[in-house]
Amino acid sequence: MTSMSGDASVMVDTSIAPEGARLIASPKPSLLLGEHSLCPGCGEPVALRVLLEVLQELDIVGRTIGVVGHGCYGSFVRIMDIDVLQCLHGRAPSCATGIKRMRPDTAVFTMQGDGDMANEGLQEVLHAAARGEKVTCIMLNNGVFGDTGGQLTATTVIGQRTKTSISGRDGDEHGYPVPVADLVAKLQGVGYVARTAVHTAAAVAQTKRMLRKAFECQLDGRGFGLVEILTMCPTGWFVTAPEGSGYLSESMEKVYPLGELVS
Amino acid sequence: MELLEGSAAIAESAIAAGCRFFAGYPMSPFTGLLENMSQKLPAAGGVCINAESEIEGVNMTLGAAAAGFRAATGSCGQGIALMQEAIAEAALNETPFVVFNMARNQQDYFQCTRGGGWGDYRTITLAPQDVTEAVEHTQLAFHLADKHRAPVIIYGDPLIAQTRVGVDIGPRDFGPLPAKDWALDGTSSGTGRSKQVWTWAMGKSTDPGPGPDRHWRAIAAKFDAIEPTEHRHAQGWCEDASTLVVAFGSAGKFVSYVVDELRAEGLPVGWFRPITLWPFPGPALEAAAATAKRVLVFELNGGQMIDDVRLNVPDRRLVRGIGGVSIGESGLGFGDLMDAPVVRERILEAMQ
């Protein structure tokens, strides 16, 4: 893996706190079986790590089943020590429905991207929410198809450059972004909906709190849960890895405000 | 023995076979099966979901099957077309379930036997000739699905869905099956030996799987092994027949009735009915056609099974279609061709 800027030969051991800082998480959750293979600065591995920490803290690991869609995060199936169905693009909420209805004592989550949930499978998540399925859907929203190299998705914000909107998304030409969490929040059957991000330490901490509440909603049988997590994709955004966090604040966060929509 | 409409009989047979999850989207003549399942399955401790689309129905079914339960979905025609991606996925990630294609007619032959999904897979397809056989096939389908860890299609039709007959429902024993130790229940999570149902079969970073190349070759080999072992057929009067008539499903029942009549009149005719459309009973057909000077294919479509007949008889030049597209006025059932006198006339015409 090469660094996008600076000296590629410098390796950073993330289990050691930088000078003057302190580690606030354990070096590596035991559910993490290996290193991720995604780009430098990607937000998805951060979301994965927080998810695994939440499952352990809730002590539900031995009854958790994941349903993973198609995107860069699909490679996480190899590194998370969780029973997983890797399903068709967009269909995770339906597969999760079948699993949860037959195994009501399990904790079932989906891991999907914006391309998976908002493009290919918008109908699936809306109907699963309206049916009040007792599952937790997690949407990793970076506004691009990362796995195929950065094309326009339904959540690409106006003005954002992608390989299929190279001059920036234009509403008249490309249509307007779809706020998935807001759509889901309007439905009966929903127990918890939140939008968060992983671009700052505070946001990561908030993501952990929200994921925990979403799983608690499922375990209490209170209804469908969705956590939309804005994640950095420097490669797909044509910025350097260190610039990802700032870009997320200036672009996506303005269109997709963070916070709880249903709790 | 109970007097039941086909849809009700199939629903009860599925439940007797241990089906505990069903999801489907209404489409006639499949609708009756969905209604029956929604009324009967919860009482048996199961779950039936009136899905918002065929795509959602089949993927819910895939999820329930991945969790280790006997599960089924269904539709017909265009609805089955929408499910093809998931049927192919289930073949490749080895999730067993049953798909009831309660079809409007016989135009779904290619769709069932060739599939519209991606990859090197086939779909075992059972084509019952009537309600009685459909009840048997329903039980057999769940067994074959579990035996081979693959989706299995039952190819029915309006006559099977809507005819009321006396049937014997009860569990059938087809022998032992391998344990579903692959099924996802969450108990392996966090043990270092967590499970995956994954078309790419990549495994874990600590315990790599075969990966797509080896996995997909193994899947192709599995279907190669199923082909010579799971084909089923019925036949009559083939030993010395100079004319052999091939037909499947309800049309096969009409043909066997007509051929039996013609035999009684002294004509050297035989009938052959593939029961599995895939695997096609090719070797059996080849043997049945040994004395035939003509092989007639009666199917209610533009000519689909005739391809498989041509591939399997000793001389493909002897093969001729005597069926055709034949849809009732409503578009939901068979047309004028599905009639014994018409079948008789077409056979006699071809024999001249």
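What is the volume of the second largest pocket? Let's find out in these close-ups of a predicted model.

**Figure 1. The second largest pocket and its lining residues.** This pocket has a volume of about 380 Å³. Its lining is made up of 20 residues, and Lys195(B), Gln196(B), Val197(B), Gly203(B) and Pro210(B) are the ones that lie nearest the centre. Look for strand S9 (196-197), strand S10 (203-204) and strand S11 (207-208) of chain B, the elements that each give two or more residues to the lining. Sorted by class, the lining residues divide into six nonpolar, seven polar and seven charged.

**Figure 2. Helix H1 (residues 6-16) of chain B, largely enclosed by the rest of the structure.** Why is H1(B) described as largely enclosed? Because nine of its eleven residues are buried. Gly6(B), Ser7(B), Ala8(B), Ala9(B), Ile10(B), Ala11(B), Ser13(B), Ala14(B) and Ile15(B) are the buried ones. You can trace what they pack against in chain B: strand S1 (2-5), helix H2 (31-40), strand S5 (98-102), helix H6 (131-148), helix H7 (158-162) and strand S8 (164-167). After H1(B) comes Gly18(B), with a positive phi near 100°.

**Figure 3. Helix H2 (residues 92-102) and helix H4 (residues 122-130) of chain A packing together.** The axes of these two helices are 7 Å apart and form an angle of about 35°.

Notes. Residues numbered from 1 in each chain as written. Chains lettered and ligands numbered in written order. Predicted model: local features only at pLDDT ≥ 70, side-chain atom pairs only at ≥ 80, totals over all residues. Heavy atoms only, no water. Axes fitted to C-alpha atoms, helices over the stretch in contact; angles between N-to-C directions. Helix = DSSP H or I, 4+ residues; strand = E, 2+ residues; numbered from the N terminus. 1 Å grid on protein atoms, 1.4 Å probe; cavity = no way out; pocket = protein on both sides within 12 Å on 5 of 7 lines; lining within 4 Å. Points joined across faces, edges and corners; volume = space filled by probe spheres on them. Nonpolar A, V, L, I, M, F, W, Y, C, P; charged D, E, K, R; others polar. Buried < 20%, exposed > 50% of the residue type's maximum accessible area, 1.4 Å probe, protein only. Contact = heavy atoms within 4.5 Å.
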